[in-house]
Amino acid sequence: MDDFTWGLVQIVGVHTILGLSAYVILLTGQVSMAQAGFVAIGAYVAGMLTVLAEWHIIPSMITGGLAAAVLACIVGFPALRVRGLMLVVATIAFGEFVRLFWFNFDYRIAKGDIIVGPEGGEGFKQIRFFPENGWTTQDVAAFIWIVAAIILATLWWMDRSRAGKVLRAVGEDEMAAQSVGINLTVVKVSAFTAGGFIAGIAGALYAHYTTHIEHLNFDILMATFAIAYPILGGLANVWGTLFAAIFIQVIVIEVLRDLGDVRNLMFGALIILVMNFLPRGLFSAQVVRKLREWTGLGKTSDA
Amino acid sequence: MKRQIMLVAAGALAFTGTQSAAVSADREVHVAGFGAKSGVVRSFGVNTEAVMRAAAEKINKEGGIKLGDGTKGKVVVTFYDDRCKAEEGISVVRRIASGKAVVAIGPTCSNVAEPLFGVLQKKAGDASDTGLQFPIFTDTAIKGGLAKISEWAFRNVPNESQMYQSLFKWVKKTNPGFKSVFGGVEEDFAHSRFTWYQVMEKRAAEAGFEVKGRVKWLLNDTNFTTQVRQMKKAKADVISISSHPFTLCGVLKEMKRQRVKYKMLIGLTSSSSMETLRGCSRQAAGIIIPTSYAPVTPAAKEAAAGAAKYNGSADLHSAAAWENMFILKSVIEKTGVMAKADTVQADRRKIRDGLAALKSTGGLIGGIQRTKEGEAVKPYVYVHAQGKEWKILHDPRK
C-alpha cells in the first residue's frame with residue numbers, strides 16, 4: 001500500500017470514531033448536532049498537551065476525550081430536557097458556542113524561537129507530534145485503527161450487554177422504558193457523555209494527523225457527517241457505522257473526487273434516499289438477519 | 001530525378017528537425033495541480049487549472065522540458081479538487097505524492113496550505129522527521145508567512161504587507177486631506193482576517209491614518225445591513241474592505257443602498273478578479289486594489305488568452321500558476337531532473353533544492369525576488385475597477 005492509501009486509512013479510522021460518537025447517542029433516540037463541538041474540545045485540548053506541555057499522544061488523547069466527556073455530561077442535563085427538533089436546535093447552538101469559543105481563544109507561549117499555541121481565528125498550527133517523533137504514515141494509521149478497534153469492540157460488547165438493551169429500550173419507547181424503572185435522565189446523559197468522550201478521542205486524532213486546526217474545521221458539516229454515518233449504516237450494530245464511513249470517505253469523497261460539486265449533491269441525495277427507503281439504515285436488523293441467513297453465520301442478534 | 005532527391009532530402013531534414021524539436025514520446029514530466037474546484041471558492045481552482053494547462057501547452061509546443069540526459073520531456077498536468085478542506089487537501093497531496101508527479105502547484109486556500117505544509121518534512125533531509133518529502137509550489141494561498149512551515153513548501157504569492165504599506169503611503173501622499181480609515185473584514189476566512197488585522201489596519205495607521213474601527217461579517221453571510229450602517233456612521237474618508245468577491249459584492253450593494261459616502265474604497269488583493277466585476281461592477285466602480293497581475297505585458301496577455309482558452313481567467317492568483325510552470329521548467333532543466341520511473345524521489349529532491357536556491361525569477365509583469373524562507377517578493381501595480389475591466393491606476397515602480 002502506498003502513502004496515499006495509508007492516509008486514507010487514517011481518515012476512515014477517524015471518521016469511523018466520529019460516527020460511533022453519534023451512534024451511542026442515537027441509540028437512545030436522541031439526535032445530537034453537538035458532536036463537532038466535542039471533537040473541537042478533544043482536538044484543542046490534546047493539541048495543547050502535546051505541543052505546549054509536550055505530553056505523549058496517548059495521555060493527551062485520553063485527556064482530550066475526558067474534557068469533551070465532562071462538558072458533554074454538563075451540557076447533557078439541560079440539553080436533554082428538550083426532545084426531537086428542540087434538542088437538535090439546542091445541540092447546534094452548543095456546537096456553535098464551542099466553535100466560537102475556540103475562534104476567540106488565544107493562548108500562545110514561546111517554544112524555542114517560535115511561538116506556538118491556539119491563536120483564535122488564525123487557528124492552532126504545528127501540532128506535529130507524529131512526524132517529529134518518527135511515526136510513519138503506517139504507524140499513525142495503525143494507531144488510529146487500534147483506537148477505533150477498541151471503541152468498536154467496546155460498543156459491540158455494550159450492545160450485547162444489559163447496558164445496550166437499556167439504551168435501545170429508551171430509544172425505542174421512552175414511556176415503556178420508564179415504566180419498567182429505567183431512569184431516562186441517567187441513561188440519556190450517560191450516552192451523551194460516552195458520545196462526548198468518543199468524539200473527543202476523534203478530535204485528538206484529527207488534530208494530530210492534520211497538524212493544524214481552526215474553528216472552521218468544526219462546523220455544522222462535521223456534525224452532519226457524524227450523524228450521517230450511523231443513519232446511513234443503521235443502528236442495528238456498530239458495523240453499519242463503519243461501513244458508512246468507508247463508503248462516504250472512500251467512494252463519495254475519494255473515488256468520485258473529479259465530480260466536483262456533484263459529490264456534495266450525492267451526499268445529500270444519499271441521506272434523503274436512505275431515510276426514505278431504508279429508514280433503519282443500510283444495515284438494519286432485518287438486513288443483518290438476512291445476511292446471516294445467507295452466509296450461514298448463525299442466529300441473528302437481538303439487536 | 002534530381003528534383004525527387006531534393007524533395008526526399010528536404011523531407012528527411014524536416015522530419016529530423018521535427019524530431020529534435022518535438023517532445024520525446026516516452027518521457028513525461030508530471031506536474032500536479034490542486035485547489036478548490038467546488039464550493040463557494042471554486043473559481044480559484046478552475047482558474048488555476050486553466051492557467052496550468054495553458055502554460056503546459058505552450059511549454060510542450062516549444063519543445064518540452066530538457067531533461068538531465070539531454071532528451072526532452074513533455075509536461076503532463078493533472079488537477080485535483082480539494083474543496084478548500086484541509087483534510088482533503090492532505091489526502092490529495094498524499095495521492096499526488098504516491099504517483100509520478102515530481103512537484104505540485106497549489107493549494108488555492110490558505111486554510112488548506114497551513115495544515116498541508118505542517119504534514120511536510122520541516123527541515124529537508126532531517127531523518128528524524130517523517131513528514132512528507134514532496135515539493136509544493138503554491139500559486140494562490142496568500143496568507144502571510146506560510147512557506148516557513150516547511151523547507152519543502154515554496155510560494156509565488158505577492159507580499160501583501162509590502163503592497164498595502166506602499167498603497168496607504170501613496171494614498172496619503174496623493175490625498176493629504178484624507179484623515180481616516182474604516183475597515184470591513186470577512187472574519188472567518190484565514191486570508192481576509194489575517195490581511196485586515198496584520199496588514200491593512202497596521203499599514204493604514206503607519207501611513208498616518210486614524211483607523212476609526214472595523215465591522216465584521218462571515219463568508220456565508222448574505223445580509224450586511226447592520227455592518228454597513230456602522231460603516232456609514234463612522235464617516236471615514238477611506239473604506240478598506242478585506243473580503244473575497246462573494247461577500248464584497250454583498251457589502252458594496254448594501255453600501256449603495258444605504259448611500260454610504262466615502263472618498264476612496266480599497267479592496268483585498270483576492271478581489272481584483274473577474275468574479276468581482278461579474279458580481280457587482282457598478283457598485284465596485286473605483287475600488288483600488290494592489291495586484292501582482294495585470295495584462296500589461298505581452299507575456300501577461302498571453303497568459304490571459306491561454307487561461308480563456310481553457311475556460312478560466314488569469315488574475316492575481318491564477319496568473320502565478322503560469323509563472324510557477326515556467327519557473328519549474330527552468331529549475332527542472334538546471335537541476336537535471338530525469339523524469340524516469342526510478343528517479344521520482346530523487347527528482348523531487350532536485351526540484352526542492354533548485355527552488356530553494358533561487359534568488360530571483362522572471363514574472364509576468366516584472367522580475368520576482370525570492371526570499372530564503374521560500375516566499376516571493378513580486379512587483380505590483382494598483383488597479384481600479386472601471387466598467388467591466390480592471391485598469392491600472394498607478395505603477396509604484398515608475
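In the predicted model, B:Gly33 has B:Ile105 of strand S4 of chain B as its bridge partner. This pair belongs to the contact between strand S1 (residues 28-35) and strand S4 (residues 103-105) of chain B, which run parallel and are joined by 3 bridges. Both strands are part of an open sheet of 6 strands in chain B, ordered S2-S3-S1-S4-S5-S6, in which the pairing is mixed. The edges of this sheet are formed by strand S2 (65-66) and strand S6 (153-155) of chain B, each of which pairs on one side only.

A further open sheet in chain B consists of 3 strands in the order S12-S13-S14, and here the pairing is antiparallel. Strand S12 (360-361) and strand S14 (376-377) of chain B are the edge strands, each pairing on one side only. Strand S13 (residues 368-370) of chain B runs antiparallel to S14(B), and 2 bridges join them. Within this pairing, B:Gln369 has B:Val377 of S14(B) as its bridge partner.

Helix H3 of chain B comprises 12 residues (residues 86-97). At 1.5 Å a residue the helix should span 16 Å, and this agrees with its end C-alpha atoms, which are 16 Å apart. Because 11 of the 12 residues of H3(B) are buried, that is, under 20% relative accessible area, the helix is largely enclosed by the rest of the structure. The buried residues run from B:Ala86, B:Glu87, B:Glu88, B:Gly89, B:Ile90, B:Ser91, B:Val92, B:Val93 and B:Arg94 to B:Ile96 and B:Ala97.

H3 of chain B also gives two or more residues to the lining of the second largest pocket. This pocket has a volume of about 1,100 Å³. Its lining is made up of 42 residues, and those nearest the centre of the pocket are A:Leu216, A:Asp219, A:Leu221, B:Arg83 and B:Lys85. In chain A, the elements that give two or more residues to the lining of the second largest pocket are helix H1 (3-27), helix H4 (84-104), helix H10 (220-233), helix H11 (238-255) and helix H12 (261-277). H10(A) provides the largest share of the lining, 5 residues. By residue class, the lining of the second largest pocket contains 19 nonpolar, 10 polar and 13 charged residues.

Technical notes
Residues are numbered from 1 along each chain as its sequence is written. Chains are lettered from A and ligands numbered from 1 in the order in which they are written. This is a predicted model: local features need pLDDT of at least 70, side-chain atom pairs count only at pLDDT 80 or more; totals for chains, interfaces and linings use all residues. Side-chain values use heavy atoms; hydrogens and water are left out. Helices (H or I, at least four residues) and strands (E, at least two) are DSSP runs, numbered from the N terminus. The expected span of a helix is 1.5 Å times one less than its number of residues. Buried means under 20% relative accessible area, exposed over 50%, partly exposed in between (1.4 Å probe, protein chains only). Two strands pair if DSSP finds at least two bridges between them. On a 1 Å grid over the protein atoms alone, a cavity is a set of points where a 1.4 Å probe fits but cannot get out, and a pocket is an open set with protein on both sides within 12 Å along at least five of seven lines; lining residues have an atom within 4 Å of a point. Grid points are joined across faces, edges and corners, and a volume is the space filled by probe spheres set on the points. Ala, Val, Leu, Ile, Met, Phe, Trp, Tyr, Cys and Pro count as nonpolar, Asp, Glu, Lys and Arg as charged, and the others, Gly among them, as polar.
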